[in-house]
Amino acid sequence: MLSIENIKVSYGKAMAIDGVSLKVEEGELVTLLGSNGAGKSTLLKTISGILKPHTGTIRFDDQDLHTMPPHQIVRLGIIQVPEGREVFPELSVLENLKMGAFTRKDSGVGKDLDFVFELFPRLKERRRQWAGTLSGGEAQMLAIARGILSAPKLFMLDEPSLGLAPVIRNDIFKVIRQIHQERGITILLVEQNAKLALGMSSRGYILENGKVGLEGKGADLINNEYVKKAYLGY
Amino acid sequence: MSQDKYNKLWKALGIAVLFAIPLVISDRYFLHLMVMAGIFVMLTSSWNLLTGYAGQINLGHAAFYGIGAYTSALLVMKVGISPWIGLFMGGFVSAFFGLLLGIPSIRLSGPYLAITTIGFAEILRLVAMNWVELTRGSLGLYGIPPLTAIKLSPGFSIEFTSERNFYYVLLIAIFLTLFCFKRLVQSEFGITLKSMRDDEPGAESIGVDTTRYKLAVFTISAFFAGFAGALFAHYQRLVSPDTLSLGETFTILTMTMLGGLGTLAGPVVGAILLTFLSEGLRFVEDMVKLNVRMVIYGFLLIITILFMREGVVGLFSHYRRSGDTGQ
């Protein structure tokens, strides 16, 4: 579905991604692990078209993404939930969700709205409220819900558990698993929480200094000695 | 439901009062102020759409106003078209310039865009100042024909030279303008504009082609500002380069901020309040022989920004932007 071949991305002279190749097949849940500055967010931004690679190709089905502007990439069904729960603070929760369905012309929006309100009853309670008044966890829920309303084919989540209380973090992970299994949405998940993320992933990649350090099945990576030491802390 | 009925009743009553004002009060000076307030209502509302809703800081809005005024005046005087058509031509030419000013907004935002828009307005002001053969320079264009009288039957026609009749023209124009803006702001288009204001990359990341929306909102906003300018030209029957000045833009800005930026009612309230306040201050100025008007504008702006971000209408929870949006 998504296939990245040997891309290089840099911010000015600083090389952030130095030759990464990566694949996501339809129906997979793939985790991208790595420490701060490894290039995870840069990679997602490059897939979304916000950053452009110097060399290499990004293909989605039969389309070249690396030459496409961001708004067209979204129209292909590649939806990113950015890091730091970016919602539109001065739009109501419902308006935020409607913006999620911005590119859609089909009639399934109402049904999807019911679906996300079922996933996150809190959002239903607060649908008329300004999104800026939500708590951190609620805002993250809204960001994910808005993504679901975009009817993603490839759903990219950038550190959805960042800075959340453990209880809420578990809820978020539960929902991610649910949308992957029940709706069959392909997911590319960027996480620092290696154990939870790898535990539910089909496959994982570990980025180190802009390169792929390791790749493999989620279960294999959890049991890998190096991963245990460096990312799981035992 | 009864709440809804009440609202409708209040609205109907308000409209009736607005139409009845010139019948009850015949003081020409008062009606003149109402007309000027009305022109500013159109102008501030159009600025508010661009800056309050879409977040595109335009400090050259007076340019659109001036373009509309000069276009209509010149076309009527030199080409001889009807002033009624001139109003729309003023709007369209201004909209074209709006589209042009929209182009830099694709890459510039915040203070950089603001400075660019100031430059845009200043260039046009200097053109109006120095192209003496066409605009008569700082003397301004005078003797602009009024809106042509409408003949209802032989011997009976409606003239538009009096403040009272012009007031009605303006009232209708304002209703149409506000109706358009209300529909725009509450539609998907409006939500999209607000999302762009809140977080531009965020809006792009969910598929908004921000370029298109920016150009569209600049064009629409400029159209209404130009239309207001053309109305002014045929009312005042004098246009000078002052209409394009930065001071004019700051009057628009102060009115909108005071009333409530990013709300529909805000510009209306602000424009009426400040029009009457500034006339009141004129008497004070005559007494103290000092230009206190701008001092007081500045003071009001600071108070608004410090203590009532949502302006006067924000004080009434019903019209608030925040909290329960009712959407």
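**Exercise 1.** Find how α3(B) passes α11(B): in a left-handed or a right-handed crossing? Then describe the angle and the contact of the two helices.

*Solution.* This is a predicted model.
- Step 1. The crossing of α3(B) and α11(B) is right-handed.
- Step 2. Helix α3 of chain B covers residues 61–79, and helix α11 of chain B covers residues 246–259. Their axes come within 7 Å and cross at roughly 115 degrees.
- Step 3. Angles of 65 to 115 degrees count as roughly perpendicular. Therefore α3(B) is roughly perpendicular to α11(B).
- Step 4. α3(B) makes the contact with B:His61, B:Ala62 and B:Tyr65. α11(B) brings B:Glu248, B:Thr249 and B:Ile252.
- Step 5. Sort these residues by class: 3 are nonpolar, 2 polar and 1 charged.

**Exercise 2.** Determine how strands β1 and β2 of chain A run, and inspect their hairpin.

*Solution.* 
- Step 1. β1(A) spans residues 2–11 and β2(A) spans residues 14–24.
- Step 2. The strands run antiparallel, joined by 8 bridges.
- Step 3. Pick A:Ser3. Opposite stands A:Lys23 in β2(A).
- Step 4. Go to the turn. The hairpin has 2 residues between the strands, and A:Gly12 has a positive phi near 60 degrees.

**Exercise 3.** How many residues of chain A are in contact with chain B, and which element gives the largest share?

*Solution.* 
- Step 1. On chain A, 25 residues touch 21 residues of chain B.
- Step 2. The elements of chain A giving two or more residues are α2 (70–75) and α3 (93–100).
- Step 3. The largest share, 5 residues, comes from α3(A).
- Step 4. By class, this side of chain A has 11 nonpolar, 8 polar and 6 charged residues.

Technical notes. Residues numbered from 1 in each chain as written. Chains lettered and ligands numbered in written order. Predicted model: local features only at pLDDT ≥ 70, side-chain atom pairs only at ≥ 80, totals over all residues. Contact = placed C-beta atoms within 7 Å. Helix = DSSP H or I, 4+ residues; strand = E, 2+ residues; numbered from the N terminus. Nonpolar A, V, L, I, M, F, W, Y, C, P; charged D, E, K, R; others polar. Pairing = 2+ DSSP bridges. Axes fitted to C-alpha atoms, helices over the stretch in contact; angles between N-to-C directions. Parallel < 35°, antiparallel > 145°, perpendicular 65-115°, else oblique. Left-handed = near helix turned anticlockwise from the far one by under 90°.
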